[in-house]
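Dear colleague,

Please find the structure below for your records. My findings follow it.

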Amino acid sequence: MNNEVSVKPYSVGKILGLWALVTLPMFLIRFALMPLLVPVVSIHPGILYWLLMIVGMMWQFVLSVIILKKELGTLTWAKLKKRLWLNHPIHPKTFKVYKLAYSFTIPIILYAFFFESSGLFTFVGATLNRLFPFMAPAGYADIQNLVSPEFVGAWYLIGIALVSCLFNYLLGEELFFRGILLPQMRGAFGKWDWAMNGVLFAAYHLHKMSDIPVLLVGSFFYGFLNAKYRSFWPAVIIHGVEAIPLLIAVTAVVLGLM
């Protein structure tokens, strides 16, 4: 297709290796670094954990830039646009711009929201916590625990939330999983590249295992439209919708409305 750049397709081994490079840091932050730091630093554990998670996502951005530099040489917009599919959706048959594909994100968002809010997988997460108690999320890993009078007027939380959203929904997770990996997974996984991308994205959340069942459902959708229409943006829209309730909740906490 005319919106693709010539880069040698990734092997299964390379895909798994790159996946490990972004997954292991998150795992170590949660299960090694946090237990060491919580007793000795004065920062609220929830804020500390959030900041370290952001650092982990920033690493994904740095790794993505390193990969792109190695593959493309010079990081010109023309090369980045083709390598990362930074274009409007392309119809798979006509190869023409197909902006209607953006509207397909709406039912996917609603469908994913239904699963994530229905509680259908709560029992699965609870079962995983019982089977693997050492993997159960600590209290500080739940952003709801930041709802406290001590954070009323703490406007810096909004800054943290904005940076978190930037690297979660665009420059970190999305750039790495849907920008770096997905376009290069067809050679290894064929037409199921989007599904395997979803599996890897869900498995990347080992640091919060009880959320994986729900994440797996949503993750399948994140890359489906991207792979079908060769565009980076549908997944950014679908995944990025999560930023809205997060920013509203954090603002409410700062204003003392929660």
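At what angle do the axes of helix 6 (residues 156–171) and helix 7 (residues 173–181) cross? They cross at roughly 5 degrees and come within 4 Å; axes are lines fitted to C-alpha atoms, for helices over the stretch in contact, with angles from 0 to 180 degrees between N-to-C directions. Helices are DSSP runs of H or I with at least four residues, numbered from the N terminus. Helix 6 and helix 7 are therefore roughly parallel, the term for angles under 35 degrees. Helix 6 contributes Phe167, Asn168, Tyr169, Leu170 and Leu171 to the contact, and helix 7 contributes Glu173, Glu174 and Leu175 (contact means heavy atoms within 4.5 Å).

This is a predicted model, in which local features need pLDDT of at least 70 and side-chain atom pairs count only at pLDDT 80 or more, while totals for chains, interfaces and linings use all residues. Residues are numbered from 1 along each chain as its sequence is written, and side-chain values use heavy atoms, leaving out hydrogens and water.

The average pLDDT (the predictor's confidence in each residue, from 0 to 100) is 86, and 82% of the residues score at least 70.

The structure holds 14 aromatic pairs (rings of Phe, Tyr and Trp, the last by its six-membered ring, with centres within 6.5 Å). Phe176, Phe177, Phe201, Tyr204 and Tyr222 form one aromatic cluster. The charged end of Arg178 sits over the ring of Phe201, 4.4 Å from its centre (CZ of Arg within 6 Å of the ring centre and within 35 degrees of the ring normal).

Kind regards

Note on methods
Helices (H or I, at least four residues) and strands (E, at least two) are DSSP runs, numbered from the N terminus. Angles under 35 degrees count as roughly parallel, over 145 as roughly antiparallel, 65 to 115 as roughly perpendicular and the rest as oblique. Rings of Phe, Tyr and Trp (its six-membered ring) pair if their centres lie within 6.5 Å; planes under 30 degrees apart count as stacked, over 60 as edge-to-face and the rest as tilted.
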